[in-house]
2 protein chains.
Amino acid sequence: MTTAKRDTYTPETLLSVAVQVFNDRGYDGTSMEHLSRAAGISKSSIYHHVAGKEELLRRAVSRALDGLFAILDEEHARVGRAVERLEYVVRRMVEVLTSELPYVTLLLRVRGNTDTERWALERRRDFDHRVAELLKAAAADGDVRGDVEVRLATRLVFGMINSLVEWYRPDARGMGAREVADAVVVLVFGGLRRES
Amino acid sequence: MTTAKRDTYTPETLLSVAVQVFNDRGYDGTSMEHLSRAAGISKSSIYHHVAGKEELLRRAVSRALDGLFAILDEEHARVGRAVERLEYVVRRMVEVLTSELPYVTLLLRVRGNTDTERWALERRRDFDHRVAELLKAAAADGDVRGDVEVRLATRLVFGMINSLVEWYRPDARGMGAREVADAVVVLVFGGLRRES
DNA sequence: CCTTGTCCCGACCGATCGTTCGGTTACTCT
DNA sequence: AGAGTAACCGAACGATCGGTCGGGACAAGG
């Protein structure tokens with residue numbers, strides 16, 4: 001390879017360290033001093049790789065948002081019966097949340113204090129609306145119960161899926177992403193009650 | 001009344017202002033200067049009513065935790081078939097979340113940076129375990145599906161309920177707490193799919 | 001009138017915030 | 001060997017952090 005493997009930081013490798021610290025302490029609760037200690041380089045050295053703290057946040061939430069929006073472009077999310085497209089999107093959301101866990105975690109905790117955070121919140125709303133339309137279509141097809149308002153149901157389902165970031169950890173012996181995705185799909189569509 | 005109505009702050013009224021700001025900006029993102037501006041008094045005056053920033057946090061999360069734990073002491077949560085007690089607890093959780101919304105919101109966002117936050121996280125775990133045992137009992141009774149692990153199902157259901165704090169707002173013309181509680185119970189136990 | 005206590009204030013404290021700057025090391029290329 | 005540059009560092013910047021301090025305004029009780 002022309003570019004030999006570096007033992008120094010790149011913006012990407014530094015990002016992976018920073019996102020971990022952000023998720024541990026919260027973005028506002030993390031100082032550049034914390035980051036420098038976690039990365040093993042001095043505080044000022046960080047600025048050789050990235051423009052500042054907020055750029056790290058922007059890179060992280062962008063990565064998470066790109067992963068989520070990519071789902072909607074996949075074939076199974078675009079063609080077919082609405083309820084089946086919805087099930088596919090729900091399953092893929094769980095997979096993206098688990099595979100990009102630290103980045104999505106950070107995205108879901110953004111509060112809106114800076115321009116970057118407000119931009120992230122806006123894109124999140126866009127994504128939510130796209131999925132809500134899918135659910136509305138499935139309700140129009142009669143494949144989804146009509147006694148719960150679409151907007152409310154969307155929010156509750158998103159709440160269940162997004163809660164993954166609060167407890168899922170890719171442990172070696174723990175449950176896998178597939179297992180979690182199966183459980184989410186079963187509960188979202190079938191509910192908790194024993195099937196008769 | 002012996003105690004005439006005050007037009008000045010008490011620790012409680014100051015708390016209600018502080019919790020709003022905490023939820024807007026995040027606890028770490030809120031400075032005492034922010035609080036003083038929102039309360040309309042000087043920064044130093046705040047210390048006349050409370051010991052400091054962390055005491056405001058402790059009071060807030062205590063109030064939320066007390067509300068949640070009180071559910072488990074109610075009669076319908078203690079006697080009866082496990083699945084019915086579970087349904088009652090789920091419904092009451094939604095009611096407490098909506099009635100004590102700002103306090104529970106703050107509780108669900110603590111990260112564990114200080115002793116107060118770690119104590120709050122510990123009590124939250126206690127509560128979760130209590131509800132998980134209820135779900136386990138319902139599964140043992142055969143009233144709840146056995147093909148999804150109890151621990152996993154508990155976390156997902158908690159995720160759906162707790163997500164209320166991210167979007168529920170007690171608007172005048174918006175949906176009421178009862179309406180939300182009904183929807184949560186229907187979705188948790190019955191699922192999204194149209195009932196045949 | 002004077003005391004007492006509540007409520008509040010401006011000024012200030014040391015510490016820490018995110019960021020900048022001048023300079024040093026160490027590796028690459030010619 | 002010498003030049004160029006990527007990677008890094010310690011020291012310091014102004015700003016802001018949570019919190020302290022001495023005292024002023026004001027109402028109640030004597």
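In this predicted model, 36 residues of chain A are in contact with 36 residues of chain B, where contact means that the C-beta atoms of two residues, placed from the backbone, lie within 7 Å. The model is predicted, and local features need pLDDT of at least 70, side-chain atom pairs count only at pLDDT 80 or more, and totals for chains, interfaces and linings use all residues. Residues are numbered from 1 along each chain as its sequence is written, while chains are lettered from A and ligands numbered from 1 in the order in which they are written.

**Interface of chains A and B**

- On the side of chain A that touches chain B, α9 (150–162), α10 (164–167) and α11 (177–190) of chain A each supply at least two residues; helices (H or I, at least four residues) and strands (E, at least two) are DSSP runs, numbered from the N terminus.
- The largest share of that side, eight residues, comes from α9(A).
- By class, the side of chain A that touches chain B has 16 nonpolar, nine polar and eleven charged residues.
- Ala, Val, Leu, Ile, Met, Phe, Trp, Tyr, Cys and Pro count here as nonpolar, Asp, Glu, Lys and Arg as charged, and the others, Gly among them, as polar.

**Chain A: elements and domains**

- Chain A has eleven helices and zero strands.
- The C-alpha atoms of chain A fill a box of roughly 60 × 40 × 35 Å along the principal axes.
- Chain A is divided into domain 1 (8–50) and domain 2 (61–190), with bounds from an automatic or database domain assignment.
- The centres of domain 1 and domain 2 of chain A, taken over C-alpha atoms, are separated by 28 Å.
- Four residues of domain 1 of chain A are in contact with four residues of domain 2 of chain A.
- The domain 1 side of this contact in chain A has two nonpolar, two polar and no charged residues.

**Surface near DNA strand C**

- DNA strand C is surrounded by 18 residues, and the closest are S31(A), S44(A), G52(A), I41(B) and S44(B); a residue is near a strand if its C-beta atom, placed from the backbone, lies within 6 Å of it.
- At least two residues each come from α2 (32–39), α3 and α4 (53–73) of chain A together with α3 of chain B.
- The largest share, four residues, comes from α3(B).
- The residues of this surface divide into four nonpolar, eight polar and six charged.

**Surface near DNA strand D**

- DNA strand D is surrounded by 19 residues, and the closest are I41(A), S44(A), S31(B), S44(B) and G52(B).
- Elements giving two or more residues to this surface are α3 (43–49) of chain A together with α2 (32–39), α3 (43–49) and α4 (53–73) of chain B.
- With four residues, α3(A) gives the most to the surface near DNA strand D.
- By class, the surface near DNA strand D has four nonpolar, nine polar and six charged residues.

**Helix packing in chain B**

- Residues A82(B), V83(B), R85(B), L86(B) and V89(B) in α6(B) meet V131(B), L134(B), L135(B), A137(B) and A138(B) in α8(B).
- The residues of this contact of α6(B) with α8(B) divide into nine nonpolar, no polar and one charged.
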